[in-house]
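This report examines one protein chain, from its overall dimensions to selected residues and packing contacts. The sequence and structure are shown below.

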Amino acid sequence: MAAVAAAAARGMQTVERSTVSEEQGAEQTTAGVSESAYSFAAIEAKWPSVWDELGVFTPQDDGSRERRYVLDMFPYPSGDLHMGHAEAFAMGDVVARYWRLKGYDVLHPIGWDSFGLPAENAAIKRNAHPSEWTYANIDTQAASFKRYALSLDWSRRLHTSDPDYYRWTQWLFLRFYERGLAYRKNHPVNWCPKDQTVLANEQVVNGACERCGTPVTKKALNQWYFKITDYADRLLEDMAGLEGHWPERVLAMQRNWIGRSEGAHVDFVIDATASGSAGSQPERTVTVFTTRPDTLYGATFFVVAADADLAAELVTPEQAGALAEYQDRVKALSEIERQNTDREKTGVFLGRYAVNPLSGERLPVWAADYVLADYGTGAIMAVPAHDQRDLDFARAFGLPVRPVLETGEEYPAESGVATSGEGTIVNSGPLDGLTKAEGIAKAIEIVEAAGSGSGTVNYRLRDWLLSRQRFWGAPIPIIHCEVCGEVPVPDGELPVRLPDDLRGEQLAPKGTSPLAAAEHWVNVECPSCGGPAKRDTDTMDTFVDSSWYYLRYLSPDYTEGPFDTDAAKRWMPVAQYVGGVEHAILHLLYSRFFTKVMKDMGLIDFEEPFASLMNQGQVLNGGKAMSKSLGNGVDLSEQLDKFGVDAVRLTMVFASPPEDDVDWADVSPSGSAKFLARAWRLGQDVTSEPGVDPATGDRGLRSVTHRTLADASELVEAHKFNVVVAKAMELVNATRKAIDNGPGGADPAVREAVEAVAIILSLVAPYTAEDLWAALGHEPSVANASWPAHDPSLLVEETVTAVVQVQGKVRDRIEVSPDVTEDALRELALASPNVQRILDGRGIRTVIVRAPKLVNIVPA
């Protein structure tokens, strides 16, 4: 308690109730201290140590108040904070501060997603270890975060590259492995030739590596995967509980990425080839997945993914050379390019035919790049009349087009437009005359009866590729023994630490992980048989680290497991998660997957990690994303030095709703600074004592104050933070008017209004709000205050202003009762001296009345 009292005393120690720089002096006006006396630099220097000593933002976690967990997506330490950080963290801080004022016990932690490729690349350039660059940047960002006055609990700070953290990342990997959810397989993967590492599909943007922009190629490697597909249905179904709490576009993106499709597996028999110089090829069965088995009679050819093993297995010797040449061209294409509907269709005939199980028709088998090897079975039946990509291919190669849906639209072979919607089935034997739904059911019934297919569900979602051939990540805790095979590292030997002696060029990409060259690290005894063995040399995708960090914050020093399960019961799920929509698929989907697995393990008792999600937009400059190449970057630290932290934060929040982009070229941090000086000055002009009864004050100002508080509370809950700022500005103006031209600074209503201003401003301008709170005679911190309750009786307006127009132009304003009738308002308007003067004896054609706010008089 003595420390708290000392900190409070330091916050109150200035004799004058303002912060005035020596350069500005202590200029006084008739209304008190002038706005020019406001010094953001002096205020920013005063309060951080007070907040730290008071421990304002450390949750009590004692059950005395309802708990709320607010979390911002943690940053990557790539350098100092930038404008995007300034926006994102300002938004989350509004929620955290508001909930604290509303009486909740708020947890708002901070940490760093500190593994990753940029640190490794920086280490190669600097002949250093990645940890040196990483932790130096973390220290820089931490100082900037503290300057930015976020209401963070620094006692829970974590870094995913700390051994004490990745020990538990490895522990979780082993639990997934035990459950059959972590496995290895050979598979063509996305490969970045520059970074020499594997990329997940989501990390390939427009055919290029999202990190360095290099065109991505395919490479066959043995890789580790998480079996996220086992959870596809739960990931889809549980989104129903997130509706209304997560942005709809994020839910839509996840639904589309999972891509659940109901349909059928249908078996096509590939004809045997006749015996020739290269020998015969036997008959074989290939299964395809289709969502439209009702269109089976419309299939006129069969397509296999050009890069699938199946293509090489089916091709005749005569066509093998053409296929090999075609496959070389396909390797240079990304999946996005291959699926682009505008691309010219290409392919190679494989010399084989597939037999349609319903019609018995022989269909030519082609290899093409628009079919993907890892979707469905890597082969499709092509129905060109009713699928645009199939139609484009058929037209390119002169293949037949047979409609089997009567839609009333133009014949696709002539129009070039596939008719893919509903319609009556035709040209389909036993399916003729059926609707789509009836036809699907009947077709499945027929193939199931014939033993040539079955109804099934397919997913676009693929298992999560987590192997990375890089150094700066969590090592995969598996040992490979020629005798025992894959052997998990015993829990007692975790963490498997990264070697400290690799640096610079030793980390350079060489097609395998840099760890493979560290023989002293790789070569170990097998934990099972004691024989010679080798560590796995891949590291984990950094999305593994970020898929569970929200739980580690609950007990960052816990040593008996990844987190204290009792703490998880107290705090989880996260009440408000804040971050960019760019993480809709990757991080958010993976975190949901991890949460469901941990629930199945019995570690937690909830299904979803984030109860509510708020996205923030980008910070642009001149309508474009900030970048060095465009030369339109804005340095955050320079903005803070020039305008002050509060002005930058206020500008970010006031510019737009959180989810919209902010164009820094269109906003005015200097205007925000002027407003803050105006608000701060109010505290210097209040002369009543703390605790005075506001009920004895000016009712008009009290009505404005209480309406502002009522509106602000609803607006914060609705995430309309920019409108909250606008309401605060209106209250500041009303209060200044009351001080200068109304009851004056001694009126209790003025104190009530200024206290409300301080509390509302604390959401977005904490330094100014704290200084204003102190000027009003209160001990720090304003963050410990309570959100004022509004008086409903003061929300009832005694009068409203009715605008009177003549021919659409405002000619008068009159004060009327809120429940004035239309007839009474019409008479008052017509009796107005201003209206009579404008009419000047002219007749009236009509009078439009919208009681109680508007009257529009139209002269004859």
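Is Val-457 buried, partly exposed or exposed? Val-457 has a relative accessible area of 30% and is therefore partly exposed. The model in which this value was computed is a predicted one.

## Surroundings of Val-457

Val-457 belongs to strand E20, which covers residues 453-458. When neighbours within four places in sequence are set aside, the contacts of Val-457 are Arg-260, Ser-261, Glu-262 and Phe-289.

A separation in sequence and a separation in space can both be given for Val-457 and Ser-359. The two are 98 residues apart in sequence, and their C-alpha atoms are 24 Å apart.

## Overall architecture

The chain comprises 860 residues, of which 55% count as buried. Its secondary structure consists of 29 helices and 36 strands. The C-alpha trace spans about 110 × 85 × 50 Å along its principal axes.

Contacts were also sorted by sequence separation. Among those between residues at least 6 apart in sequence, 73% join residues at least 24 apart.

## Helices H22 and H23

Two packed helices are described by the angle between their axes and the distance between the axes. For helix H22 (residues 645-655) and helix H23 (residues 669-685), the axes come within 8 Å and cross at roughly 115°. Angles of 65 to 115 degrees count as roughly perpendicular, and H22 and H23 are therefore roughly perpendicular to each other. The crossing of H22 and H23 is right-handed.

On the H22 side, the contact is made by Asp-646, Ala-647, Leu-650 and Thr-651; on the H23 side, by Pro-669, Ser-672, Ala-673, Phe-675 and Leu-676. Sorted by class, the contact of H22 with H23 has 6 nonpolar, 2 polar and 1 charged residues.

## Val-648 within H22

Helix H22 also contains Val-648. Val-648 has a relative accessible area of 0% and is therefore buried. Leaving out neighbours within four places in sequence, Val-648 is in contact with Tyr-148, Leu-636, Gln-639, Leu-640 and Trp-664.

Val-648 and Leu-589 are 59 residues apart in sequence, with a C-alpha to C-alpha distance of 33 Å.

## Aromatic pairs and a cluster

How many aromatic pairs does a search of the whole structure find? The search finds 42 aromatic pairs. One of them joins Phe-115 and Tyr-166, whose ring centres are 5.4 Å apart and whose planes lie at 45°, so the pair is tilted. Phe-115 is in the loop between strand E5 (109-112) and helix H5 (117-126), while Tyr-166 is in helix H7 (residues 163-178), so this pair ties together parts that are 51 residues apart in sequence. Phe-115 is buried, with a relative accessible area of 1%, and Tyr-166 is buried as well, with a value of 3%.

Tyr-183 and Tyr-225 provide another pair: their ring centres are 5.7 Å apart and their planes are at 20°, so the pair is stacked. Because Tyr-183 lies in strand E7 (residues 182-192) and Tyr-225 in strand E11 (residues 217-226), the pair ties together parts that are 42 residues apart in sequence. Tyr-225 counts as buried, at 4% relative accessibility. Elsewhere, one aromatic cluster is formed by Phe-173, Phe-176, Tyr-177, Trp-224, Phe-226, Tyr-231, Trp-464, Phe-543, Tyr-590, Phe-593 and Phe-594.

## Helix H5

In helix H5, the residues Leu-117, Ala-119, Glu-120, Ala-122, Ala-123 and Ile-124 are buried. The packing partner of the buried residues of H5 is helix H6 (130-147). Just after H5, Asn-127 adopts a positive phi of about 50°.

## The loop residue Thr-214

Where does Thr-214 lie? Thr-214 is located in the loop between strand E10 (208-209) and E11. Burial is assigned under 20% relative accessible area, and Thr-214, at 17% relative accessibility, therefore counts as buried.

With neighbours within four places in sequence left aside, Thr-214 is in contact with Cys-192, Pro-193, Lys-194, Gly-207, Ala-208 and Cys-209.

Note on methods:
Residues numbered from 1 in each chain as written. Predicted model: local features only at pLDDT ≥ 70, side-chain atom pairs only at ≥ 80, totals over all residues. Heavy atoms only, no water. Axes fitted to C-alpha atoms, helices over the stretch in contact; angles between N-to-C directions. Helix = DSSP H or I, 4+ residues; strand = E, 2+ residues; numbered from the N terminus. Parallel < 35°, antiparallel > 145°, perpendicular 65-115°, else oblique. Left-handed = near helix turned anticlockwise from the far one by under 90°. Contact = heavy atoms within 4.5 Å. Nonpolar A, V, L, I, M, F, W, Y, C, P; charged D, E, K, R; others polar. Buried < 20%, exposed > 50% of the residue type's maximum accessible area, 1.4 Å probe, protein only. Phe/Tyr/Trp six-rings, centres within 6.5 Å; stacked < 30°, edge-to-face > 60°.
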